[in-house]
Amino acid sequence: MPAVHAEGLFKVFGRRTAEAVDRLRDGASVADVRERGATPAVIDVSFTVEPGEIFVVMGLSGSGKSTLLRMLNGLLEVTAGTVHVGEAELTALDEKALRRLRQEQMSMVFQHFALFPHRSVLDNAAYALEVRGVDRATRRARAQEALALVGLDQWADQKPGQLSGGMKQRVGLARALAADTDLLLMDEAFSALDPLIRREMQDQLLELQASLGKTIVFITHDLNEAMRLGDRIAIMRDGRVVQIGTPDQILETPADDYVKQFLADVDRGRVFTARHVMVEAPTLVAPAAAPAHVLRTMQEHRSGSVLVGDGDGRVAGVATEDAVRAAVATGAPSLAGLALLPPVDVRATTTLSDLLAPAAQDEVPVTVVDDDGRLLGVVPRGAVLAALGGVPRPAPSAAPASADPVGATAMATKETTRG
Amino acid sequence: MADTVFRAAEDGALPQIPVGDWIDTGFDWVTENFSPVFDVISDVTEAGVEGLRDALLFPPSILLAVLLAVLGGVVRSVRFGVVSLLGLLLLISMRMWEPAMATLALVLVSALIAVAIGIPIGIAAAKSDRVSSALRPVLDFMQTMPAFVYLVPAVTFFGIGLVPGVVTTIIFAMPPGVRLTELGIRQVDQELVEAGHAFGSPPGRILRGIQLPLALPTIMAGVNQVIMLALSMAVIAGLIGAAGLGGVVVTSISRLDIGLGFEGGLSVVILAIYLDRLTSAFGQQRGRLGAIPSFLSRGGSVGKGGLAASSRSADAVTPVGTDQNSPNRPAR
């Protein structure tokens, strides 16, 4: 069951709104409707948000994205259409049931933080629970936990006025997290923060989402932010959704010129990460492998180095062609005694900008590892530059890594040293 | 010659509208039909004011003066306490203590009633644009109609004496209480109210927990204005027989007694300054007196920053600078 399902949503302000909806459905233009005194803000928007997904709604100011968000929790009444949150049909609820739904299933983070200046940070974080009628001791304990999640537990007794912008929004986030609702609505939550803090908050949100598995509907006017955060993105223009898709889909097949214009501004170096450019991990060479066999395979694949495993899925180090050749010459029975180069590790979330330096050295291939150091994939030479330049990725099947027993092909070929 | 032509044309062109006659008829009708109601109001009010006056006069005057000065010292500053003690002692020495306490009782009762009626009306006006726009001309009327005009109908309803004084004072003093309550609530950042809704707060809880605490400095500025207007009207009410400093001033006018008039006037000034500084201190300070707003919101108390901003405005008639947050963010 989807976490949120919106179907045919309209929001029209002004006079004779129902008539305006009918006319828009019949294909009337916005200007046409405007002339009759109605102002359409959201026009025929439908989408589905799956549980655990970060769904980003991206659009310029006036595109209707904030209006759309406010219809998802009933702060604004829909003019036409339905909203389902979980099993409940939000648009059919009365005031009281709607309040209950907001208390129990959804919370919101605001652009200008909307912290209550007369309450302490802790009381701010505990607000949702207080409204829900949770007893004082429990709600304070849970608010304290939420503050700890965002790293502000030391500030519980302060007033919001004493915090910086980034800290204020962390309190805003803690207030939403303390409510422990499955759905989080975030309205331009990071737009008022300066770029450095914004980046930090984005990282923190991604981390929190990975560990807590919340469903998040995130509004932004910043495509870079949308690309960084979104599992899927809906791009809005003049009240309509012009495209919904994953960041890759949108980058590769923009729906129209409007979306294309936006993409021109995307900072690919910050949007794309190692996950986007890595290819499937080659099989690690066991330390026990015979040097002569390894060397033959390397030459077949014209590859300058191989990754040597530690037998547990981690990379112990990198053996260069010269080192393997030397091992063959000395008649070593295996690679075990070989002097290995240390691997160059990055994480799947490392941005392309941060990948440039590791990728620039040509001694050792760049390996992508998970939290436990296990190999996820490698970044082929040239892939970083290709992605930055907007060259479409080859289809995954084009990477022959898995067919390669030694795992040499996917690595950087050291053509320079080979002459 | 042209002048007379115009005048003749004007007289002929527009019929005379007997607004005065209609008002007279209306008031007669009200008097005839509702006199029992007025009697009850009259009795209750009189008992309230006289009771309070007697209570104020019960302790030795010097003891009460010291107590009032100590209150001032605690709420505002030691310096203010000392100055008000000197002023209050001067009242006693001028033999004006008794009329001053009668006026104080009248002012306090009138202001209390005006605030008790005005704040709920102000809340209603803040919640509904329709109420607000319907109310505006009524408030303008109440505030700008010359105060003396109220006196006559008040006398026809309640007779000469204390009660018409209280009633006219209430009418005259109420508008700033309504206006500043409305302003204060409307100034509360819309995003904060929205946050309340987004977490499922019912409207009453949003009012008590968010809007009123944040509007409190502005509302207190309104209360301060109510008290000051009540004091000025209480003096005018001396004309229709309300006792106290107003009576003293009226007597001095009828006798052309400059000295007595000055003593009465000076007493009003002393009382006014004391009440103004005291009530504006209530609006801006909570540190020394404990959390004044805590009766509104159990969760917390108004931050110092917001109150500091309003301290300037508490003395001004229009508190332009009382914004808590960025005011009037356009509604989305």
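Is Asp32(A) buried, partly exposed or exposed, and at what relative accessibility?

The model is predicted: local features need pLDDT of at least 70 and side-chain atom pairs count only at pLDDT 80 or more, while totals for chains, interfaces and linings use all residues. Residues are numbered from 1 along each chain as its sequence is written, chains are lettered from A in the order in which they are written, and side-chain values use heavy atoms, without hydrogens and water.

**Exercise 1.** Classify Asp32(A) and its salt-bridge partner by accessibility.

*Solution.* Step 1: buried means under 20% relative accessible area, exposed over 50%, and partly exposed in between (1.4 Å probe, protein chains only). Step 2: Asp32(A) has a relative accessibility of 27% and is therefore partly exposed. Step 3: a salt bridge is a side-chain nitrogen of Lys or Arg within 4 Å of a carboxyl oxygen of Asp or Glu. Asp32(A) forms one with Arg23(A), at 2.9 Å from N to O. Step 4: Arg23(A), at 24%, is also partly exposed.

**Exercise 2.** Determine which elements are joined by the salt bridge between Glu130(A) and Arg205(B).

*Solution.* Step 1: the closest N and O atoms of Glu130(A) and Arg205(B) are 3.3 Å apart. Step 2: Glu130(A) belongs to helix α6 (residues 127-132) of chain A and Arg205(B) to helix α10 (residues 203-236) of chain B, so the pair joins two chains. Helices here are DSSP runs (H or I, at least four residues), numbered from the N terminus. Step 3: Glu130(A) is buried at 14%, whereas Arg205(B) is partly exposed at 24%.

**Exercise 3.** Describe the salt bridge between Arg228(A) and Asp203(A).

*Solution.* Step 1: the closest N and O atoms of this pair are 2.2 Å apart. Step 2: Arg228(A) lies in helix α10 (residues 223-229) of chain A and Asp203(A) in helix α9 (residues 195-212) of chain A, 25 residues apart, and the pair links distant parts of the chain. Step 3: Arg228(A) is buried at 15%, while Asp203(A) is partly exposed at 30%.

**Exercise 4.** State how many salt bridges the structure holds, and name the members of a network.

*Solution.* Step 1: over all chains there are 23 salt bridges. Step 2: a network of them links Arg16(A), Glu19(A) and Arg36(A). Step 3: as a general principle, side chains of opposite charge can pair when their charged atoms come close.
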